[in-house]
Amino acid sequence: MGKSVSVVEELLSALPTVRPQLYFKTSLTALSHAMEDQVLAGSDRPLVIASFQQERFYRQEAHRYQQIAAITDQVYVLSGAGTSFENQPQPYETIAFDDEDALTQEWHLVVLGDYYSACLVCRERQPIAALSRSPGIALDQIRRFEGLWTQDRAITQQAAQLLLARIQDYRSELADKLTKTRDRFLADITSPDVTKFDADPFAQRLVTYLQAGQYKLLKAYKAISDQERRERLVNSITSAMRRSMDPDEIFEIAVHELSQAIQPSRCLIYRCKEDLTAVKIQHEARQPQIDPAQTNLTQTNAAQTNAPQTNNTQVKSLLNQSWPIQTNPLFQQVRTQLGSLVIADTQTPQDNLEASPQALQPWTEPWQIRAWLIVPLVYQERLLGMVELHQCGEPHPWSDHDVALVEAIATQLGVALIQADAYANLEDLNQQLEALERTRSNLIAITGHELRTPLSTIQVCLESLATEPDMPVELQQIMLTSALEDAERMRKLVQDFLTLSRLESGRIEWTLESLSLQECIDLALSSIRAKHSNGEVPTLKSCLAAHMPLVRVDGEWLVEVLTKLLDNACKFTPATGQITLSSLVHSGDPLMVEVIIADTGRGIEPNRLETVFDRFYQEEGALRRTTGGTGLGLAISRQIITGLGGKIWATSAGKDQGSEFHFTLPAVEASVLSHAQTKPPALKAAAGQLRQTAAAKNR
Ligand code: ADP
């Protein structure tokens, strides 16, 4: 037989009734070790032939064969030739076979003693493809072999015969020794006296090795299930990200999924910027109780050290609480290193932690944080937020798996935040573009209509003045006045138009201050009185509610709205009528103030109550009006009030029934009132300007 013929095939063709079986590598390892241990434990001096596929497999077992060689001089070890494996006689016969020999694919162990015989003759098969791709399974665990393992003496003798022939092929100088071996072990085919055989070592060892194999298997299962758990979690967050662009929704899902997967006492996810002093916790998941077993331990320790006992087993909630971050040394360390911090015990100094346990006390003590895992949400070296896991009660060594899982989630959440920001910016840009587009088309409409008409009037007047030098002086005066009036109207229109386009494009930076409403009203009233100082105006009455809270507004813009509404009321109310300013406080969260400007003038039809806020809406055409105005005042007022966080609307019982204009503004809680006693600079400037305008008008 040639060297490249498989020993397994040779044996099986000699035993047509025997069917080969499939063995995983772990089973063969267990069987081989049990067979070797049986030799080491027995009183026999058996023939032992072992064939290893490669030298490195033999190396792992060499010491056992040295022990076996101390028991019997009939030991033959075959292996693929290697750097230190070669043919030699000491302490047992080693036989190095060629690279092309079929033995490179085979695993044999033959033990043939007086009382005990067993053989394992196997050939390697391809590993199961589906398993070899599974993460967490070591390649070794899926190696398979085909062949047979038996304690049948006749088969063992046959296997020994084949292997001895193979040995003689390589080591012809051993011919005499091999003949003696054959004579001693292969001539007698009678069954040995089994009563002299103690199978205990074999069985015991086999069980031990199988147990070890099972343990490895369990570890592999755990690795797979950890991997699966991680993938499931990452998937659920990725699909939440696909469903929603809202980081709050994604954070809420992530905090609960993480809490379920790792089961810390408390899990927090929050957005943060580097310069924030504290964040409000809006996403938290926690276990209802600190692990009772751990609490008992803590309490026993506390009792021993005479420390005050706590029976508080609840994990306290941080939801809606302000969580100080700027003073938190742990947060600051994570912020600087932009990497995770894993703390198994906050009460003992840790190598990876710059701060001492005492420095962390303001956080660890009130919130019972014993172990802390903090992972930053980072995008391009920019801190976007944090994931925090707290373990209350006892120290907790966070596993590498858990840390890797939280880090994987944090990466996803960072991407979600960036996506959401980009989307919001895009929406914002779109809105601004739409507003600009609207403004642009309006500008065209206006130049076409509103501006061209007064311009033709001006042109006609000036042309007449130029071409008719002998025009009567009174007529010249009328022409000039009308040209000047239309020029003034055009100036106002352009000014209002620019204001509106600034407001609509969102380019206004509001300077919010806590202001007294009465002061703003007084400024608006002075402005109106200055404007109408020459003509008759309706009676103006201001009766604000007592103890009005301050309003949180941009003073200049609020005065602008009040002036416009009062101006309208003056325009559309006869001099005999009345204009009343009043106010209401809407308690609630947020606290709001409502201002009402009511007049007894011409009123507004019910179907026009909303339309009056449209740009360029005027009940009669601008040119037919004696009251002046651009038709942009209410549109500007709505933009301002909305920008300040309020609402504006009109009510009226109908024609000649008077009108009421209402608007709301955010107010400052009474508790903060005392802080805003001084008149803010913007309002002071506005007041100064108004006084100057009034003085100029009076001159
Ligand atoms: P205008 O410059 O024409 O006053 P506004 O936008 O301020 O432009 O007002 C739009 C229109 O709403 C006015 O032309 C008028 O028809 C109606 N309006 C505004 N205020 C009142 C009021 N107090 N009483 C009756 N109608 C009003």
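A salt bridge, for today, is a side-chain nitrogen of Lys or Arg within 4 Å of a carboxyl oxygen of Asp or Glu. Keep that rule in mind. One more thing before we start: this is a predicted model.

So, how many salt bridges does the rule give? The count comes to 24.

Pair one. Find Lys177 and Glu93. Their side chains meet in a salt bridge, at 3.1 Å from N to O. Where do the two partners sit? Lys177 is in helix 6, residues 175-185, and Glu93 is in strand 4, residues 93-97. The two parts are 84 residues apart in sequence, so this pair ties them together. Now, are the partners buried or exposed? Buried means under 20% relative accessible area. Glu93 has 5%, so Glu93 counts as buried. Lys177 has 26%, and that makes Lys177 partly exposed.

Pair two. Glu284 and Arg266. These side chains also form a salt bridge, this one at 3.9 Å, N to O. Glu284 belongs to strand 10, residues 284-286, while Arg266 belongs to strand 8, residues 266-271. Here the pair ties together parts 18 residues apart in sequence. What about burial? Glu284 is buried, at 8% relative accessible area. Arg266 is buried too, with a value of 0%.

Look at Asp496 and Lys564. Their salt bridge spans 3.7 Å, again N to O. Which elements does it link? Asp496 lies in helix 13, residues 473-504, and Lys564 lies in helix 15, residues 555-571. These are distant parts of the chain, 68 residues apart. Asp496 has a relative accessible area of 13%, so Asp496 is buried. Lys564 comes in at 17%, and Lys564 is buried as well.

Next, the network. Which residues take part? Glu36, Asp37, Glu61, Arg64 and Arg205 are linked by salt bridges in one network. Pick them out on the structure and you can trace it yourself.

Last stop: the surface. Which residues gather in a patch of negative charge there? They are Asp246, Asp248, Glu249 and Glu252. Take Asp248 as our example. Asp248 is found in helix 8, which covers residues 247-262. Its relative accessible area is 41%, so Asp248 is partly exposed. Residues in such a patch must have over 30% relative accessible area and no salt bridge.

Note on methods. Residues are numbered from 1 along each chain as its sequence is written. This is a predicted model: local features need pLDDT of at least 70, side-chain atom pairs count only at pLDDT 80 or more; totals for chains, interfaces and linings use all residues. Side-chain values use heavy atoms; hydrogens and water are left out. Patches are made of residues with over 30% relative accessible area and no salt bridge: like charges are joined within 9 Å, nonpolar side chains (Val, Leu, Ile, Met, Phe, Trp, Tyr) within 5 Å. Accessible areas come from the Shrake-Rupley method with a 1.4 Å probe; for residues, only the protein chains shown count as cover. Lys and Arg count as positive and Asp and Glu as negative; His and the chain ends are not counted. The place of a charge is taken as NZ of Lys, CZ of Arg, CG of Asp or CD of Glu. Helices (H or I, at least four residues) and strands (E, at least two) are DSSP runs, numbered from the N terminus. Buried means under 20% relative accessible area, exposed over 50%, partly exposed in between (1.4 Å probe, protein chains only).
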